[in-house]
Each structure stands twice: as C-alpha cells, then as structure tokens.
Amino acid sequence: MADRAQIHVATGDAVARVALEDGRAGEAEMSLEGSGAVCVAVDPHDPRRVYAGTFDDGVHATDDGGESWRAASEGLEDGRVLALAVSRSHQEDGTSVVYAGTEPSNLYRSEDGGRSWRLLPALRELPSERNWSFPGRPWTHHVRTIALHPSDPDWLLVGIELGGVMRSLDGGATWADHNPQAHSDAHRLLTHPLAPERVYEAAGQGIARSEDRGASWEAFERGLDRRYAWAEAVDAADPDLWYVAVSRSPFAAHGDGDGEARLMRSSGEAWSAVDDWGEDPELRRMPYALAALPERPRALVAGLRGGPLLLTEDAGESWSRLEATLPDIRDLVAAPA
C-alpha cells in the first residue's frame, strides 16, 4: 500500500506543496505567491499535472508536480475561477479534459492542458439564470463546484452559488435546469469510480445524495444537528465512507473565530462526528477542505480555516496534526507521490 502522497493547497494567495510520507509532512513549499489561488485540481491520469484557479488571474498549471507553473488561461475571458475539475473519462490526444467554472457563472473546457479554453455558453441560457445571485455579492453569481462522471465523458453537473445544480448529458452543449430535490446552494459535488451512478452533494441547506446520476435526489441528514455543509470527501476505496464538514451558519463557517463546526462521517444511513482533534481555538475553525488519500483506504486529510492540516489513517477514529505551516486553506487535493 502506498504510504506517500503529495498535497497541493490553495491558500487564497498562493499554492503550497506538502510532501506526506509515513504519516509525517515535510515543510510546505510555496509557489504562485500573490496569485490569489482559491481552488486546485489534479489530473487523475497524470498526478504531476495540477491546476490552480485564482480569484482574478485565471488558471495556472504545473506539469511537474508544482516545481514550476505556467499561465493556462488563453481564451478564458473570466479571470475569477472558483471551480476546477479534470476528467477521468475524457482525454483528447492523451490529455485529460479539464473544466473551469467562473464568476459570473460561465463554464469553460480545455482539451490541451489549459493552454486554450472554449466557453460552453448554453449554461447561461437556462431559464433559472435570471434568478441566480450569490448572497455575498448579490449582483453576481458563480460556478462553485463541478462534478464529472468517472466513465461517461458526456455527463457533468455544475453547482451554481446561488442558483442550483445543473445537469448536462452531452458535454455541456445543453443543460437540464435545477431539480428542486437537490439543494440549490451546492458547495461541493462529488462522484466516485466505484459507485458510478452516485453523486454526493454538500450544500448550504444540508446534504443530499443521488443514486441515478443526478436525475433524482434524497436528503441524507440523519444524525446532523447543523446543516450548513461546505467541504466533503469520499474514501478512495469505499464509496459508502463519506465525510462532510458542517457548521451552524455561513457566518461561523467563514469567519475568523469558532467555526461552530463538526466533521461528520457516514458509512451507511446516518452521520456521526469524528473531529475529536482538540479544543484549542485554532482547531475549532471550520474544516474548509477535505481530501481522501489515493491508494490509502480510510486515510483523510482535513484542512482547517487558518492553516492547520490534520491527518487520520483510521477514518477519523484518531488524528495527528501535520507539522506543515500554512497561512490559510481554501482548497486542497491529494496526489500519489
């Protein structure tokens, strides 16, 4: 079983690279300082290719695991990139197709490693578009999350903050508008190669799951005492082992103090808390990013607002704090080292 991984973290200003080996983290290596990096995604077919979306500077990409970066935004007319997803099922000339979601809510696709992008305009033609509005900046809205199917290159979901979950069955050429069975304030949508029909949703109104590629949804909330959900992850080897970070309110979750948060775990039909990692004030911040370690069943990295990184290797029964020092955490991904 692999015991090494590379963690890439968007800090809101830069990208940090942290080597993880035998449960211990090396020193964080910073790059792209001043870029405003807010989201990251790794190519499932080439773990050395990583993309970073920034708040106003488009997309950057690395082909060498973070040693160096290149601008990757030609044709990307919206510089504020808040969501990225790299396809497991769609390659062009040996390169994985990558999608970028922006503010305002546009979706772009690249088939050449981010060197050029093409707008998929039909997303903005949905009837509900006139009602999309992000509470923090009500004059605009954005693509917060993108989910791709593990084996069907034509299927994708997009979560609009705030507007709903939109579904395409033809690679973004046409879209089905939001199904009210799903939560409309989708913060994270995930799929899993071992449960290809399933979609997992963490949203501002709660948690939901689909067993038919997003055609229908059911709330999945037994055991919750708070419902503002932000980050989520699913175990690499077990699609039923699901983690979601929840808070009592967006103000607590995104604030600088106590996040009023819990990290929840489900292995079936109910949730239980697994965030027994300490009561220090910095450890009660919101778990802002979660990543299951590839090829490491039951291993999960949790990144808290303010910078702490925590590791469990037994599905949350015990935790260790990683020594890497980070200024903040907005998103993270894990790749094989």
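A: Happy to! Let's begin with a word we'll need: a residue is called buried when its relative accessible area is under 20%, exposed when it is over 50%, and partly exposed in between. Keep in mind as well that this is a predicted model.

Q: What radius of gyration does the protein chain have, and what would a compact globule have?
A: The chain comes out at 18 Å. A compact globule with 337 residues would be near 20 Å, so the two agree.

Q: Can we zoom in on one residue? Is Ser31 buried or exposed?
A: Ser31 has a relative accessible area of 15%; that is under the 20% cut-off, so Ser31 counts as buried. You'll find Ser31 in strand β4, which covers residues 29-31.

Q: Which residues does Ser31 touch?
A: Leaving aside residues up to four places away in sequence, Ser31 touches Ala14, Val15, Gly66 and Trp69.

Q: Switching to contacts in general: of those between residues at least 6 apart in sequence, what share joins residues at least 24 apart?
A: That share is 49% in this chain.

Q: New topic: charges. How many positive and negative ones are there in the protein chain?
A: There are 33 positive and 57 negative charges, and their mean positions are 2 Å apart.

Q: Why would charged side chains pair up at all?
A: Side chains of opposite charge can pair when their charged atoms come close.

Q: How many salt bridges does the structure hold?
A: It holds 29. One of them joins Glu211 and Arg198, with the closest N and O atoms 3.1 Å apart. That pair links distant parts of the chain, 13 residues apart: Glu211 is in the loop between β18 and β19, while Arg198 is in the loop between β16 and β17.

Q: What does Glu282 pair with?
A: Glu282 forms a salt bridge with Arg321, and their closest N and O atoms are 2.7 Å apart. Here the partners are 39 residues apart, with Glu282 in the loop between β23 and β24 and Arg321 in strand β27. Glu282 is partly exposed at 39%, and Arg321 is partly exposed at 42%.

Q: And which residue does Arg284 bridge to?
A: Arg284 pairs with Asp275, with the closest N and O atoms 3.3 Å apart. Both Arg284 and Asp275 are buried.

Q: Which residues are linked in a network of salt bridges?
A: Arg49, Asp63, Arg70 and Arg115 are linked that way.

Q: Where does Asp276 lie?
A: Asp276 is in the loop between β23 and β24, and with a relative accessible area of 70% it is exposed. Asp276 and Arg262 are 14 residues apart in sequence, and their C-alpha atoms are 9.2 Å apart in space.

Q: Last one: what is phi of Asp22?
A: Phi is near 50 degrees there, a positive value in a residue other than glycine. Asp22 lies in the loop between β2 and β3 and counts as exposed at 51% relative accessibility. Arg298 also has a positive phi, near 70 degrees. Arg298 is in the loop between β24 and β25 and is partly exposed, with a relative accessible area of 40%.

Notes:
Residues numbered from 1 in each chain as written. Predicted model: local features only at pLDDT ≥ 70, side-chain atom pairs only at ≥ 80, totals over all residues. Heavy atoms only, no water. Rg over C-alpha atoms; globule rule 2.2 N^0.38 Å. Contact = heavy atoms within 4.5 Å. Lys, Arg positive; Asp, Glu negative; His and termini not counted. Charge placed at Lys NZ, Arg CZ, Asp CG, Glu CD. Helix = DSSP H or I, 4+ residues; strand = E, 2+ residues; numbered from the N terminus. Buried < 20%, exposed > 50% of the residue type's maximum accessible area, 1.4 Å probe, protein only. Salt bridge = Lys/Arg side-chain N within 4 Å of Asp/Glu carboxyl O.
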